[in-house]
Amino acid sequence: MGEGEYTVRLMRQVSGTRYREVARKQITLESVNEHELFLASVQSVAWDGSAELKELALELTESCETDSEKVQSIHEYLVQNFVYDHQKARTVEAGYLPDLGQILADKKGICYDFASLFAGLLRSVGVPTKLLTGYVGVGRAYHAWNEVYQDGTWERYDLTKDIANGKRVTESTATYEIRYVF
C-alpha cells in the first residue's frame, strides 16, 4: 500500500475463526516504487512459479511493442477463451486462493480467478497490474477486478463483465468500492 508505517502481526489459529497474536512488529517503508510493487509474484497473484503462464504471456505479447498492446492481447485472449464457473461461485470457501495453472487448464473461473490470472499474465511481461477486491454495485456484491498501469495512468478492467459480454465493457454505472489491493 506504499510508503508509511505498518504493523505486521503473526497470528495463530485458536479454533474456527478465532486467532491469537503470537508476535508483532512495527515497520516503516520509505521510497517505495508503486509500479514495482505491482509486478511482484505474491500469494494471490502467484505467477512466478508457473512456466506455463510465463510462456503463454510471452507468446501472446511477442509482437507487441507497447504495454497497451500487451494488455489488449492478453485481455482479448482471456475474453475469447474463458467462461464463468457458476458452480465454483456457489461453492467457493473462505480463504480460497486462485491456482493460476489450474485456471489456465480449466479455462473457467470466478471473478477472483480472472483478476488474478490477468494480473499474473501482465506482471510476468512487465506491465504493473493491481488485483483489487471489494464491493460493486447497489447490492454491494463482493467482487475482484484489476487496475492496469498504461499510458501514464491506472485503468480499471473488470474481466468478469468482459468475459460475460464477450468484449471490453468500459462504460459502467456500477460503483466500485475497494477493500483490498494486491
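Select Arg 140 and Glu 177 to begin: their side chains meet in a salt bridge, 2.4 Å from N to O. Arg 140 sits in the loop between strand S5 (129-136) and S6, while Glu 177 is in strand S8 (residues 176-181), so the pair ties together parts 37 residues apart in sequence. A salt bridge here is a side-chain nitrogen of Lys or Arg within 4 Å of a carboxyl oxygen of Asp or Glu. Helices (H or I, at least four residues) and strands (E, at least two) are DSSP runs, numbered from the N terminus. Arg 140 is partly exposed at 42% relative accessibility, and so is Glu 177 at 37%. The cut-offs: buried is under 20% relative accessible area, exposed over 50%, and partly exposed in between (1.4 Å probe, protein chains only).

A word on the model: it is predicted, with local features needing pLDDT of at least 70 and side-chain atom pairs counting only at pLDDT 80 or more, whereas totals for chains, interfaces and linings use all residues. Residues are numbered from 1 along each chain as its sequence is written, and side-chain values use heavy atoms, leaving out hydrogens and water.

Next, pick Glu 155 and Arg 168, another salt bridge, at 3.0 Å from N to O. This pair links distant parts of the chain, with Glu 155 in strand S7 and Arg 168 in the loop between helix H7 (159-165) and S8, 13 residues apart. Then try Arg 9, Glu 21 and Arg 24, which are linked in a network of salt bridges. The count of salt bridges comes to eight.

Now for Asn 146, in strand S6. Is Asn 146 buried or exposed? Buried, with a relative accessible area of 0%. Its side chain has a polar atom 3.1 Å from the backbone oxygen of Lys 130. Show its contacts (heavy atoms within 4.5 Å): beyond neighbours within four places in sequence, they include Phe 114, Phe 118, Leu 131 and Tyr 157.

Move to helix H2 (residues 51-61) and colour Leu 53, Leu 56, Ala 57, Leu 60 and Thr 61, which are buried. They cover an arc of only 115° around the axis, so they lie on the same side of H2; the arc is taken from the directions from the helix axis to the C-beta atoms. The buried residues pack against helix H3 (67-81), H5 and helix H6 (111-124).

Last stop: Asp 151, a non-glycine residue with a positive phi near 55°, in the loop between strand S6 (141-150) and strand S7 (153-157).

Notes:
A polar contact is a pair of N or O atoms within 3.5 Å; within protein, one must be able to donate a hydrogen and the other to accept it, and residues adjacent in sequence count only if both atoms are side-chain atoms.
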